[in-house]
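Here is a short briefing for a reader new to this structure. Take a look at the chain, then go through the points below by topic.

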Amino acid sequence: MEQDVLAVIRSRMERMSPRRRQIARFYLENAREAVFLPAAQVGERLGLSESTLVRFAQFLGYSGYPAFRQALEAPLRRSWELEEAQTGGEAQTVETLEGEGRRISAMAASLSGEALERGRDILLHARRVYIMGLGDSGPLSLYLYNVLSGLRPGAVHLTGPSQRDIIEQMFSISEEDAFVGLAFPPYSVRTLKAMELANDRRARVISISDGACSPMHLYSSCNLSAPWPKRRAEGFWVAPLAAPMALLQVWLLSLVQSHGEAFEARWGELTDVLEDYQAQGPDALEWGPGRGGV
């Protein structure tokens, strides 16, 4: 039976050591933010080691910190879903925007600069970058592909009606390449299998998903996370893409800032090519005596 973690923490406060009481107060006072923070960042804010946070989770009866954080998230998700379901009309619009704002703020507080830098370096040095995202992650993967293909050659957007199409497109992937897999609940098995293939071929794999407990991290060496609420609460059927999109923008911006001159030169060359070769107007060529040329 699912327990309310905050209630468990309150019930055990009297039996806690001063250090554990310090940790407990932090979670009781900052639950909505803490749910998105890894143990290392909580420890840094409290002046404690990551192992101390792990032992605190085990003291409460959890196998480790990821299991504790997942349990902490459950009642908060129910609260968010209830708030979203009970609002309507203009109030719902405001609440939806505020909810996205909260998720982006929480992501900003927990975002790992080290992971962003590692992901940026992988994108810079890979021969080819294969990008895959299906379902709700499709618009995210297409955005990443469109921007990245303008910044560097070798970007490949994996898409198709069957897994065979995906495998054929990435069949030549090797250790010189990178693979970026995007998937949020409900997770895509096809994307996960493609990530497994990339990992088996020793390509560098980057996952973009919803947190430390995501199965999409199984085959990745670089994990980037954005909060993603359960969507199927009453009246909430639209994919919440704001936080993942903000994550992609921050990631790509760090890429541009690190190699601005090279990217600017490439964009200038692309602009010149488009001006010289882009067809304007109706796509119909009239040819013959007196009709002229192209």
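Start with Lys 193, which is partly exposed at 44% relative accessibility. Salt bridges with shared partners tie Arg 127, Arg 128, Glu 176 and Asp 177 into one network. Keep in mind that this is a predicted model. The salt bridges in it number 8.

**Salt bridges within helices**

- Lys 193 pairs with Glu 196 in a salt bridge, at 2.8 Å from N to O.
- Both residues sit in helix α11 (residues 189-200), 3 residues apart, so about one helical turn separates Glu 196 from Lys 193.
- In an α-helix there are 3.6 residues a turn, so residues three or four places apart point the same way.
- A second salt bridge joins Arg 120 to Glu 117, with their closest N and O atoms 4.0 Å apart.
- Here too the spacing is 3 residues, in helix α8 (residues 113-125), so Arg 120 and Glu 117 are about one helical turn apart.
- Arg 120 is buried, because its relative accessible area of 19% falls under 20%.
- Glu 117 is partly exposed, with a relative accessible area of 43%.

**A salt bridge between loops**

- Asp 177 and Arg 128 meet through their side chains in a salt bridge of 3.2 Å, N to O.
- This pair links distant parts of the chain, 49 residues apart.
- Asp 177 lies in the loop between α10 (163-169) and β3 (178-182), and Arg 128 lies in the loop between α8 and β1 (129-133).
- Asp 177 is buried, at 0% relative accessibility.
- Arg 128 is partly exposed, at 22% relative accessibility.
- Both residues belong to the network that also includes Arg 127 and Glu 176.
- Side chains of opposite charge can pair when their charged atoms come close.

**Surface patches**

- A patch of negative charge on the surface gathers Glu 269, Asp 272, Glu 275 and Asp 276.
- Glu 275 is placed in helix α13 (residues 260-277).
- Glu 275 is exposed, because its relative accessible area of 61% is over 50%.
- Trp 267, Leu 270 and Leu 274 make a nonpolar surface patch of about 260 Å².
- Leu 270 also lies in helix α13.
- At 34% relative accessibility, Leu 270 is partly exposed.

**Helices and their buried residues**

- Helix α12 (residues 242-258) has 17 residues.
- From first C-alpha to last, α12 reaches 24 Å, close to the 24 Å expected at 1.5 Å a residue.
- The buried residues of α12 include Leu 247, Leu 248, Trp 251, Leu 252 and Leu 255.
- Ala 243, Pro 244, Ala 246 and Ser 254 are also buried in α12.
- In helix α4 (residues 39-46), the buried residues are Ala 39, Gln 41, Val 42, Gly 43 and Leu 46.

**Backbone details**

- Arg 202 has a phi near 70°, a positive value in a residue other than glycine.
- Arg 202 lies in the loop between α11 and β4 (204-209).
- Arg 202 is exposed, with a relative accessible area of 62%.
- The peptide bond from Pro 185 to Pro 186 is cis, with omega near -5°.
- Pro 186 lies in the loop between β3 and α11.

**Separation in sequence and in space**

- Asn 199 and Ser 174 are 25 residues apart in sequence, and their C-alpha atoms are 9.1 Å apart in space.
- Asn 199 lies in helix α11.
- Asn 199 is partly exposed, with a relative accessible area of 33%.
- Ser 149 and Val 129 are 20 residues apart in sequence, and 9.3 Å apart in space from C-alpha to C-alpha.
- Ser 149 lies in helix α9 (residues 138-151).
- Ser 149 is partly exposed, at 26% relative accessibility.

Conventions. Residues are numbered from 1 along each chain as its sequence is written. This is a predicted model: local features need pLDDT of at least 70, side-chain atom pairs count only at pLDDT 80 or more; totals for chains, interfaces and linings use all residues. Side-chain values use heavy atoms; hydrogens and water are left out. Patches are made of residues with over 30% relative accessible area and no salt bridge: like charges are joined within 9 Å, nonpolar side chains (Val, Leu, Ile, Met, Phe, Trp, Tyr) within 5 Å. Accessible areas come from the Shrake-Rupley method with a 1.4 Å probe; for residues, only the protein chains shown count as cover. Lys and Arg count as positive and Asp and Glu as negative; His and the chain ends are not counted. The place of a charge is taken as NZ of Lys, CZ of Arg, CG of Asp or CD of Glu. Helices (H or I, at least four residues) and strands (E, at least two) are DSSP runs, numbered from the N terminus. Buried means under 20% relative accessible area, exposed over 50%, partly exposed in between (1.4 Å probe, protein chains only). The expected span of a helix is 1.5 Å times one less than its number of residues.
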